[in-house]
Amino acid sequence: MELTIEEVKHVARLGRIGLTEKELEKFQNQLSSILDFVSQLQKVDTAKTKPLSQTTGLKNVWREDVVTPSLSQDEALQNAPEKFKGYFKTKATLK
Amino acid sequence: MKDLSDLTLKKARAGLENKDFSAKELVSATLERIQKLDPKISAFLTVCAESALKQAAAADEMIARGKKLQALGGIPFSAKDVFSTRGIKTTAASKILENYIPVYDATAIKRLGAAGGILIGKTNHDAFGFGSSTENSDFQVTHNPWNRDKVPGGSSGGSAAAVASSLGFFSLAEDTGGSIRQPACFCGVTGLKVTYGRVSRYGVIAYGSSLDTIGLITQSVEDAALLLGIIAGQDPLDATTLPDPVPDYSQSLKQGASELKIGLPQEYFITGIDPEVKQSLDEAVKKFEELGAKIESVSLPHTPDAIPAYYLSGISEVSANLARYDGIRFGHSSSEARKLEDLYLESRAQGFGPEVKRRIMLGTYALSAGYYDAFYKKAQQVRHLIKQDFDRAFQKIDLLLAPVSPFPPFGIGEKAEDPLQMWLADIFTVTINPAGVPGLALPCGFTKNNLPIGLQLIGPQLSEPTLFRAGQAFQVATDWHQKKPNLE
């Protein structure tokens, strides 16, 4: 399965990863060969098989809807690269 | 203070209780040993001497006051650097978390601490657990203590190398597709991958949430049984933990392997498996027969499909889980970005290594419109077939016995340039994670070049007692797990 450079660019953009031209080329080859390999699954007959995405059989695990102790505002912000008056600070979303 | 490499967890605890040595002496000796030997193997990313010595002093005070020492009172251990440790840097071996200091403890860390265990440091691994050699760490390459030109396995290579080198009595680690069993095998130590949901994942930096399991790298099966009793059990902070009560695992250690039905999955004994590995496995099978186990051949027909199904499931969950690294709330943040989208693109470009980028992109692709059915959904269907293979096999037998790795530890750099070859190194370990079943890796021999060889026992969900039963019987009858590398 040969990915085009455009497809690699698209998928990098979807995953929000900036890539250099050199990386694009390297990943084009590597991702293509890995996709080739995983494509062997297409040969497996799954017509009568339901998907299984977890193995515990647990569903809808609830707890009482009560307030319990949690992080303080200072703790929650402790690792923030930039903060402003008790908020996370981010860049402009519009020009 | 005795030579640490002669001590077991049990002997260390007895030594503390009998006041042969103090917790401070034990912890100091461990820290000194790390200082002396770790430069040779680079197993540790962080050593927390100050907090460890403080806890040792507290343990000594308890002993002095005549209080009963807890199960792990005064015992130094390490943890893979994916476990959140309050106030202690936790990096996931990735530059994106280079300076991250958690404000809370993972549940498993909390439980070990409450039992008196003393965290001495955080160990190296492939960034976010993505790899089979620990070469994908953004910070350092860990060396195999048996031969420093070889990899220690991965992703939990630092944990396995530390335990093999007697730098802490055990290591808390994590297994998504073999990350405990394969490095344990490569370093000649014991590795336990638990049933999915048996141990809380709360506070553990995620790889693939439906596959991640928290387990242990130890000197022996006996230690694994003791420690699992401490960390296992339901946790209100992890909704996927199983409500089943935690049994007294020490009971299963006494039961022996007699009458156990052990299956050899024919798909795991394929051509291409290293002859020395094959020979050690054959000898181990004979040993189990001598111990009274009944051996038979079984088939797990979907084994060849497990690697692609595992990786597609894993990377799809990776692309979702690693979306949280946005450069805003924690972790590396690009200083040049002006706009929000550039902040995402640049922070992630600078903070993630190549294997992380590959997995995020592939997972994003597998989940994207037009490819979801062909990749993600197909992988979940095959996952169901894999699970059914195991269910069928376990109707006839108690445990499966298989190699951990098709070959002994490989050379540093040997597979680093070919990501697909690295993925294929996991051929015998990734199969069990999609099925949620537990596995126990045990040392079972050495190559003529003195490199460790390991086997794994695999059981149905919640069969940890049976794994311990068989594993302990094997370790009573053999001494592979007692061999130590010469690092001096």
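Which residues of E2(B) point one way, and which the other way? The legends below, for a predicted model, begin with that strand.

**Figure 1. Strand E2 (residues 76-80) of chain B and its pairing with E3(B).** Pro76(B), Ser78(B) and Lys80(B) point one way from the strand, while Phe77(B) and Ala79(B) point the other way. Buried residues account for five of the five in E2(B), so the strand is largely enclosed by the rest of the structure. Its partner is strand E3 (residues 118-123) of chain B, which it meets in the parallel sense over five bridges. Within this pair, Lys80(B) stands opposite Thr123(B) of E3(B).

**Figure 2. Strand E9 (residues 399-403) of chain B with its two partners, E7(B) and E11(B).** E9(B) is mostly covered, five of its five residues being buried. One side carries Leu399(B), Leu401(B) and Pro403(B), the other Leu400(B) and Ala402(B), and both faces are covered. Strand E7 (residues 261-265) of chain B pairs with E9(B) in the parallel sense over two bridges; here Gly263(B) stands opposite Leu400(B). The pairing with strand E11 (residues 452-458) of chain B is antiparallel and runs over four bridges. In that pairing Pro403(B) stands opposite Leu455(B).

**Figure 3. Helix H12 (residues 354-367) of chain B and the elements that cover its buried residues.** Twelve of the 14 residues are buried, so H12(B) is largely enclosed by the rest of the structure. The buried set includes the charged side chains of Glu355(B), Lys357(B), Arg358(B) and Arg359(B). Val356(B), Ile360(B), Met361(B), Leu362(B), Gly363(B), Thr364(B), Tyr365(B) and Ala366(B) are also buried. The cover over these residues comes from both chains: it includes H1 and H2 of chain A, together with helix H10 (303-321), helix H13 (373-396) and helix H14 (419-424) of chain B.

**Figure 4. The interface between chains A and B.** Contacts link 42 residues of chain A with 55 residues of chain B. On the chain A side, the elements that give two or more residues are helix H1 (5-14) and helix H2 (21-38). H2(A) gives the most, with seven residues. By class, this side of chain A has 21 nonpolar, 16 polar and five charged residues. The predictor gives the complex an ipTM of 0.96 and a pTM of 0.97.

**Figure 5. Backbone geometry at Arg16(A), Thr134(B) and the peptide bond between Gly154(B) and Ser155(B).** Most residues other than glycine have a negative phi, and most peptide bonds are trans. Arg16(A), in the loop between H1 and H2 of chain A, has a positive phi near 55°. This residue has 21 other C-beta atoms within 10 Å and is therefore buried, the cut-off being 20 or more. Thr134(B) is not a glycine either, and its phi is positive at about 70°. Thr134(B) is found in the loop between E3 and H5 of chain B and is buried, with 34 other C-beta atoms within 10 Å. The loop between E3 and helix H5 (157-164) of chain B also holds Ser155(B). A cis peptide bond joins Gly154(B) to Ser155(B), with omega about 10°.

**Figure 6. Glu75(A) in helix H3 (residues 73-77) of chain A.** Glu75(A) has 13 other C-beta atoms within 10 Å and is partly exposed. Thr56(A) lies 19 residues away along the chain, and the C-alpha atoms of Glu75(A) and Thr56(A) are separated by 33 Å.

**Figure 7. The fold of chain B, with its 15 helices and eleven strands.** Its C-alpha atoms fill a box of roughly 65 × 55 × 45 Å along the principal axes. Buried residues make up 62% of the chain. Of the contacts between residues at least 6 apart in sequence, 76% join residues at least 24 apart. Chain B averages a pLDDT of 96, and 100% of the residues score at least 70.

Technical notes
Residues numbered from 1 in each chain as written. Chains lettered and ligands numbered in written order. Predicted model: local features only at pLDDT ≥ 70, side-chain atom pairs only at ≥ 80, totals over all residues. Contact = placed C-beta atoms within 7 Å. pLDDT = per-residue confidence, 0-100. Pairing = 2+ DSSP bridges.
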